[in-house]
Amino acid sequence: MANEERSVLKALDAAKTQWYHFTTIVVAGMGFFTDSYDLFVISLVTKLLGRIYYHVPGSSSPGSLPNGISSAVSGVAFAGTLIGQIFFGWLGDKLGRKKVYGVTLLLMTICSIGSGLSFGSDPKTVMITLCFFRFWLGFGIGGDYPLSATIMSEYASKRTRGAFIAAVFAMQGFGILTGGIVALAVSAFFQAKFPAPAYMVDAAGSTVYQADFVWRIILMVGAIPAILTYYWRMKMPETARYTALVAKNAEQAAADMSKVLNVDLEAAKPVRVSSEEYGLFSKKFLIRHGLHLLGTTSTWFLLDIAFYSQNLFQKDIFTTIGWLPSGKTMNAIEEVFKIAKAQTLIALCSTVPGYWFTVAFIDRMGRFPIQIMGFSFMTVFMFALAIPYHHWTLPHNRIGFVVLYSLTFFFCNFGPNATTFIVPAEIFPARLRATCHGISAASGKAGAMVGSFGFSYLVQAIGMKKTLYIMGGINLCGLLFSFLVPEPKGKSLEELSGEAVEEEEITST
């Protein structure tokens, strides 16, 4: 390998933090802002959809989505995301990160708008078209996971790489928070303009015609951040690591890097890089990275069962313990406001701070300690909720339940929710990096599908207390599988992936 190629890699690892690093965080991070807004905002409007389209005249309680439809509406985006993660991860390694990066954003934009324009007026048609657009929305979102993580990891220096990738992922917290704020604003506006009685006072009149616009507007707003960052994504050059190591064009890599980063290639000590190549299904990959891939896939799978079931169904949990009032005491739009208020409070007090604690501490503590700590506390808090469950359902103890429940979100985000995203972007070879990240992320979305489709059935079958016990057990399994994942702190991507051999001074020939 040419000295110039080695110098490019060394210069990237030694580069000081510059303006372009922050630009990349924002451009890549806004994709994750959109991702989380679109994935989680559906939980704010599912009860409204039930009231509008599945009202039963004469019923003592408001209409609700049938279990199968509720699970489909909440979970179909995860099916698209799973497929998109594998497909775009593979494509990002084959064609380059930049060439497919804009496609994912366009897909998210179009399908966010399409989700709010679901055709027809009868329940079946609306739900089919909503699920159709949310599947393809998920497909675009899926591509953002491996591409954004890989791009940020390949631009960052080894000193700050963890914090930069974590900062991209932390935009997910702002997306969740913004979803709640948008739902609050839209529902407050419509509630003021179109007041209605509670369901128990006037069942038919509690859901005004204009409520049908509320959920559509909330879903369509997700297209705005994607549109705003599309231009800047198209302006980003290919990552120098991909160009040097996969495309084998060190000269172009150096030229691309010099456009966006102020680095001194002459002063950079070359790093020797192995020319040995092997495929994903090869024996060498299995020996070198097989356990690593098992570790990243299993921990992400187990984490997302708990994370997404808690996020998507927290409204049901809060209703069960009595923190949210019964639906029949409110009108349809008021219920959206109350649910959004509760979820915004959780996001503001625990979800968002957890992400940024990871950004602050990941390059000091390391990925492994944060992941172990996070899974440990999540396990403890779940069992603390499950064991004395009846205690928490008493009116004067409900705030204590919410505090412990919020702490599980805090240590999820200052823990495995961040680290499971970061580590797969660091430990695999450049030619397989996006693919392996996509596989790991897809495993996570398989867990999310288990959580979103299985949680409501589990609660109905065995009750909330036993379900919380199961969630605690899942978190404990995640802790154990974390021991398969190596610690990337302080090492270059080439050292972690096995692409680097011993470093030495190499003179030009």
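Predicted model: local features only at pLDDT ≥ 70, side-chain atom pairs only at ≥ 80, totals over all residues.
I'll start with helix 2, residues 19–53, and helix 6, residues 161–193, which pack at an angle of about 40° with axes 6 Å apart. The crossing of helix 2 over helix 6 is right-handed. As for the contact between helix 2 and helix 6, its residues comprise 18 nonpolar and eight polar, with no charged ones.

Next, the packing of helix 2 with helix 13. The angle here is about 165°, and the axes of helix 2 and helix 13 are 9 Å apart. On the helix 2 side the contact uses Ser43, Leu44, Lys47, Leu48 and Arg51. Helix 13 brings Ala332, Glu335, Val336, Ile339, Ala340 and Gln343 to that contact. By class, the contact of helix 2 with helix 13 has six nonpolar, two polar and three charged residues.

Staying with helix 13, which runs over residues 332–365, I turn to helix 16, residues 398–413. Their axes come within 7 Å and cross at roughly 25°. Helix 13 and helix 16 are therefore roughly parallel to each other. The crossing is again a right-handed one. From helix 13, the contact takes in Ile346, Ser350, Thr351, Pro353, Gly354, Tyr355, Phe357 and Thr358. Helix 16 contributes Val402, Ser406, Phe409, Phe410 and Asn413. Sorted by class, the contact of helix 13 with helix 16 holds seven nonpolar and six polar residues, and no charged ones.

Last item, a pocket. The second largest pocket has a volume of about 190 Å³. Which residues line the second largest pocket? They are Trp90, Asp93, Lys94, Leu245, Val246, Lys248, Glu277, Leu280, Arg431, Leu432 and Thr435. Where does the largest share of that lining come from? Helix 3 supplies it, with three residues. Helix 3 spans 67–95, and helix 9, at 240–246, is also among the elements that each give at least two residues to the lining. By class, the lining of the second largest pocket splits into five nonpolar, one polar and five charged residues.

Definitions and conventions
Residues numbered from 1 in each chain as written. Heavy atoms only, no water. 1 Å grid on protein atoms, 1.4 Å probe; cavity = no way out; pocket = protein on both sides within 12 Å on 5 of 7 lines; lining within 4 Å. Points joined across faces, edges and corners; volume = space filled by probe spheres on them. Helix = DSSP H or I, 4+ residues; strand = E, 2+ residues; numbered from the N terminus. Nonpolar A, V, L, I, M, F, W, Y, C, P; charged D, E, K, R; others polar. Axes fitted to C-alpha atoms, helices over the stretch in contact; angles between N-to-C directions. Parallel < 35°, antiparallel > 145°, perpendicular 65-115°, else oblique. Left-handed = near helix turned anticlockwise from the far one by under 90°. Contact = heavy atoms within 4.5 Å.
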